[in-house]
Amino acid sequence: MFRNLFLTALTSLVILGSAFAGSTVRDDKDKEVKIKTSAICSMCKARIERNLSFEKGVKEANLDVKTKVVTIRYNPAKTDVAKLKANISKTGYDAEDVLADEVGYNKLPSCCKKGGGMDHQ
Ligand SMILES: [Cu+2]
């Protein structure tokens, strides 16, 4: 009888303990990622930053026109780097290995097209 009670208490302690550990291990902290884009000017910067700000889980997006690198602060529980790159691609810009989406790219003013629109007339 006493032994059973002891085991029950021990079991519930273990269950409680692992539940507690699980909650502390979960990472809800914001992450930051830097993605190289094909942005050219401050209009590109504004366009990319605005569209990223509409993406779920994005806290902050800041593009440096000189380096073409956009720094994004995001909630990893709500979005991931692949989604962020897809967002930039849809806007019409390359995001590292993800090339610009053609529909988005065609909507850009000609001054914002990479390579001066040589391959897209
Ligand atoms: Cu531009």
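I began with strands E2 (residues 58–64) and E3, which pair in the antiparallel sense over six bridges. Strands here are DSSP runs (E) of at least two residues and helices are runs (H or I) of at least four, numbered from the N terminus; two strands pair if DSSP finds at least two bridges between them.

I noted that this is a predicted model, in which local features need pLDDT of at least 70, side-chain atom pairs count only at pLDDT 80 or more, and totals for chains, interfaces and linings use all residues. Residues are numbered from 1 along each chain as its sequence is written.

I found Leu63 opposite Val70 in E3. E2 and E3 form a hairpin with four residues between them, and Lys68 in the turn has a positive phi of about 65°.

I then checked E1 (residues 31–36), which runs antiparallel to E3 and is joined to E3 by six bridges. Lys34 has Thr71 in E3 as its bridge partner.

Last, I examined helix H2, where Cys44, Arg47, Ile48 and Leu52 are buried. They cover an arc of only 125° around the axis, so they lie on the same side of H2; the arc is that of the directions from the helix axis to the C-beta atoms. Ser42, Ala46, Arg50 and Phe54, on the other side of H2, are exposed.

Methods: Buried ≥ 20, exposed ≤ 12 C-beta atoms within 10 Å, placed from the backbone.
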